[in-house]
Amino acid sequence: MERLTAIFLISLLIFSCGCSSESAIPPTISEPETGDNPGGTVGNPSSVSFDKRNIVSGDSFSNYFSLVLTEDTRIHISVLLDNGLQTLEKTRCASDADGGFIRVNGSGAACDHRLVMNFEAGEHEIYLNFPNQGNGYFTIDKVNLNDIEILDADGMGGVPSKPKEFLVGGDNQINKDLLFNYFAYTGDAGDRLVINTYLEESIPTIMYTRCSSTSGELDRRKKSAVGISINSDSYNCEDELDYILPDSGTYYFHFFFMAPEDIAFPVSGYFRVDIQ
């Protein structure tokens, strides 16, 4: 009788607290949190973070960042804005001799969502000021060509310093954050790569036309990029690629798609690749 009473009391406690032996076990898998890194003022800039989202505030007063490098390095910055970026504003920026939504050491460096630039060793100031009180964030990566680590394919893109191999025969994601759209392929001269993209937004023809008309422009602020780039060369201004490797070796691919025409923003989707 005492044993039955004890079992009854234990059962009553479990029922009243709404728990069980299974629910008492803590989860073993948790979603990682990227975290945010707010900017600072011109007199007290925030150190740029390579692991967190660096916040772009509508109040440009607090969009100053400091970047310290111990060696000459190529820097990649990708900006995601809540409301996109008006094409007309980009054109006005590029027509200004010293225009730039992204400014480096006081000089205009980019009139777009992205900056790729060689930096010398030392301390640098990065300032972001997008029109219409643009809010969002940017991610950043640094690349030394001798230290690039190619990661195995998993259907996702990598960053410039750690691109991922193509997932042949499967879907490869195209990310809205342009920093995560880097892929690599190592092959022999004569290998043929055929790539087809499937985007969530249709790219207006005029976007490809602008890209083609500025592909030879030396001023990075005036370039209108869209399409696929190989080894940091100009983008092909198309949504597909048929490419034959001229030499044996490793080739690096970046996917960059923008739409629509009036207010541009990065477009996500996926692509498939076949190799002959």
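The points below concern a predicted model, and they take up a sheet and then several salt bridges.

1. The sheet. Five strands form an open sheet with mixed pairing, and their order across the sheet is β1-β3-β11-β5-β9. The two edge strands are β1, covering residues 36-37, and β9, covering residues 114-119; each of them pairs on one side only.

2. Strand β5 spans residues 73-81 and pairs with β9 in the antiparallel sense, over six bridges. To locate this pairing in the structure, one may look for S78, which stands opposite R114 in β9.

3. Salt bridges in general. Side chains of opposite charge can pair when their charged atoms come close.

4. R103 and D98. These two residues form a salt bridge in which the closest N and O atoms are 2.7 Å apart. Is R103 buried or exposed? Its relative accessibility is 18%, and R103 therefore counts as buried, because the cut-off for that term is under 20%. D98, with a relative accessibility of 37%, counts as partly exposed.

5. K162 and E149. In this salt bridge the closest N and O atoms lie 4.0 Å apart. The pair links distant parts of the chain: K162 and E149 are 13 residues apart, and each is placed in the loop between β11 (136-143) and β12 (164-165). K162 has a relative accessible area of 39% and is partly exposed. E149 is likewise partly exposed, with a value of 41%.

6. D154 and K164. The side chains of these residues meet in a salt bridge, with an N to O distance of 2.9 Å. K164, at 13%, is buried.

7. Points to verify in the view. The reader may wish to find β11 within the strand order of the sheet, and then to follow the chain to the loop between β11 and β12, where K162 and E149 are located.

Conventions:
Residues are numbered from 1 along each chain as its sequence is written. This is a predicted model: local features need pLDDT of at least 70, side-chain atom pairs count only at pLDDT 80 or more; totals for chains, interfaces and linings use all residues. Side-chain values use heavy atoms; hydrogens and water are left out. Two strands pair if DSSP finds at least two bridges between them. Helices (H or I, at least four residues) and strands (E, at least two) are DSSP runs, numbered from the N terminus. Buried means under 20% relative accessible area, exposed over 50%, partly exposed in between (1.4 Å probe, protein chains only).
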